Amino acid sequence: PEFPPLWLVRTPVVITSLLGAAGTFALGKTLFSRRVGFAALIIVTVFPFILFYDRMALTDQLTGSIAVVMTWWSVIVARHPTKRNATILAIIINLMLAAKILSAPLLLIPFLAVGLLGKNPIDLSKPLRDEVKRIWRDYRPAIIRARLIIGILWTTLIVFYQIRRFIDPEIPAMVDGYLYGGITRNIGIDTGEELDRSQISVNLERVKEIFQYLWNPLLVGLTLVGLASLCWRTWRKTLFLLGGILPLWIFVIFVAGQLNSRYLSVVGHLCAVLIAAGVFSLSDEITKAVSPKSLKPVAWLPIGLLALWVIGFGLPFARTAFRDPIALEIPRRDRREYFANYTGYALPDALEYVRASQPISSGYEIPFAEAIVRVCEFLPYHLPPEEHDDVELKCLPTDSDFPQERYDVLNADLETYGELYLIVEDYTIADQPAFDPAKVDGELHHLATY
C-alpha cells in the first residue's frame, strides 16, 4: 500500500531489537564469560539509552543491533580468519552501513579485533612495522575477500546514485546536511574565526544530559570504576570495546549540527557489555583483595549496585516509557524532538473526528481538511488504510522563511470552498506559534481539542 500501517513499520524494529539482544549476549560471552553475557542482556533490556529509541521506527537501533553483531563476528573472524567468515562479516558491514552511514567509524572494529584479539595479536615489544606485516600475511585472504565484497557493492551503489542524481538533480543527498552541519561551525567556516567551539560545547552539554537522564549517575560511576578494574585485568579487551565506542562518539560530537542522543546510542549495546564486564571484574578484584572470609560478601557490592540501578532506575523508566512516555525525564533535545516538536499523539483522534463529520466544503462529497502539522508526510499514516478515501487532506506550507504563505493558501481555499476543517498541531516555527487566528479571513469555530 501507499501508506502502510504503522505496525508494519515497527515490526522490523522489534525483530532487530531481539537481534541486538542476542548479539549483546554473544559478544559478552565470547569476550568474557556467560555471566557477563547475561548481565549485559539484562542491562540492554532496561537501558534507557537503548530502550527509549527501541520503541521508534528509526534506523538508529537497527544500526545498533547490526553493529553489535558485527562486533561479535569480528572477534570470530579474528580468531578464525577463513574466507567464509570474512564473507559473512562483509555482508554484516554492508547492512550496517546501509542502515546508517553515520556508523562508518565502526569500520575500525574488525581491525582492532585482529590486532588485539586475533590468534596472534600485536606484540608491542616488537617493531610495529614488522607486526603489521605479519598480521597482513596471516589475514590477507580474509581481508581481501571482505574488502572486495564491500568495495564492489558500495562502488555500484555510488555509481548508480550518481547516475540518478545526473538524471534527476532533485534526488535527495545520501547524507542529510543536518547530520554534519557542525563541521563548518567547528572549523570556523561559518564564523570566519580560526576555530568556533560553540557547537562542540552545545554537543558536549547534550552528552552530559544523556549521562544524567539516560544513564543515571549511579551507572556512570559504576562504569568508570569498573572500567579501571577491567583495564587493569584485560587491557586488550577493554581497548577493543572502547575502540568501538569512542571513535563514533567523538566523530558525532564533532560533526553533528543537531546532536540527538540516538546517534550515540548506536553503540549502546557495546556499552552494556563494557559495563557488565567491568562490574564482574571489580567484583573479582574485591574478592582477591579481601582477606578475612567474613568480608567476602563485600565483593557482591558492585553486582548489588548494578541490580539497584536495574530495579530503581531501569525498570521504572521502562514502565513509564510504555505507559506514559511524556512523563519521562529525558534530555531537553529529546523532549523537544519527540514531544514538543512532533509526537503524532493527537493526530489520529483529530483525523477520526474529521472523517466522522459531515462534508462542509463546496465541491467535496467527503470531509475536506487542511492541516498545519510539523511533519506533513506522516499525516496519512495516522489513518487506517481502509479510511484513506473517506477524507481529503491538504497540508498548508510550514516554511519558516515565508510564514505568510500558509495564510495566503488558507484564505484562498476559504474563498474557493466556503468552509473547511482545519487541524492545527501545537508547535512553534522560528519561535513563533505555527498558527495565528488573526491572519485568517473568516470566522473560526472551535470543534475539539486532543
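The following legends describe close-up views of a predicted model of a protein chain.

**Figure 1. Overview of the predicted chain and its confidence.** The protein chain contains 17 helices and 5 strands. Of its 450 residues, 45% are buried. Among contacts with a separation of 6 or more, 72% join residues 24 or more positions apart. The mean pLDDT of the chain is 87, and 90% of the residues score at least 70. Confidence is highest in helix α2 (residues 34-46), with a mean of 97, and lowest in helix α8 (residues 182-186), with a mean of 57. Residues 189-196 have a pLDDT below 50, and this stretch makes 12 contacts in the model beyond near neighbours in sequence.

**Figure 2. Strand β1 and its pairing with β2 and β3.** Strand β1 (residues 368-372) runs parallel to β3, to which it is joined by 4 bridges. With strand β2 (residues 392-395), β1 also pairs in the parallel sense, again over 4 bridges. Glu-370 has a bridge partner on each of these strands: Lys-394 in β2 and Leu-422 in β3. Ala-371 stands opposite Ile-423 in β3.

**Figure 3. The faces of strands β1 and β3.** In a regular strand, side chains alternate between the two faces of the sheet. In β1, Phe-368, Glu-370 and Ile-372 point one way, while Ala-369 and Ala-371 point the other way. Residues on both sides of β1 are buried. Because 5 of the 5 residues of β1 are buried, this strand is largely enclosed by the rest of the structure. Strand β3 (residues 421-424) has one covered face, formed by Tyr-421 and Ile-423, and one uncovered face, formed by Leu-422 and Val-424.

**Figure 4. The largest cavity and its lining.** Rolling a probe the size of a water molecule over the atoms shows where empty space is left. A search of the whole structure finds 1 cavity of 30 Å³ or more. The largest cavity holds about 40 Å³ of space. Its lining consists of Phe-49, Val-207, Ile-210, Phe-211, Trp-249, Ile-253 and Leu-264. By class, the lining comprises 7 nonpolar residues, with no polar and no charged residues. Helices α9 (198-215) and α11 (235-255) each contribute at least two lining residues. The largest share, 3 residues, comes from α9.

**Figure 5. Helix α6 within the structure.** Helix α6 (residues 108-117) is largely enclosed by the rest of the structure, because 8 of its 10 residues are buried. The buried residues of α6 are Ile-109, Pro-110, Leu-112, Ala-113, Val-114, Gly-115, Leu-116 and Leu-117.

**Figure 6. The surroundings of His-269.** His-269 lies in helix α13 (residues 268-289). The relative accessible area of His-269 is 2%, so this residue is buried. Leaving aside residues up to four places away in sequence, His-269 touches Gly-20, Thr-24, Val-44, Ile-50, Gln-61, Gly-64, Ser-65 and Val-68.

Definitions and conventions
Residues numbered from 1 in each chain as written. Predicted model: local features only at pLDDT ≥ 70, side-chain atom pairs only at ≥ 80, totals over all residues. Heavy atoms only, no water. pLDDT = per-residue confidence, 0-100. Contact = heavy atoms within 4.5 Å. 1 Å grid on protein atoms, 1.4 Å probe; cavity = no way out; pocket = protein on both sides within 12 Å on 5 of 7 lines; lining within 4 Å. Points joined across faces, edges and corners; volume = space filled by probe spheres on them. Nonpolar A, V, L, I, M, F, W, Y, C, P; charged D, E, K, R; others polar. Buried < 20%, exposed > 50% of the residue type's maximum accessible area, 1.4 Å probe, protein only. Pairing = 2+ DSSP bridges.
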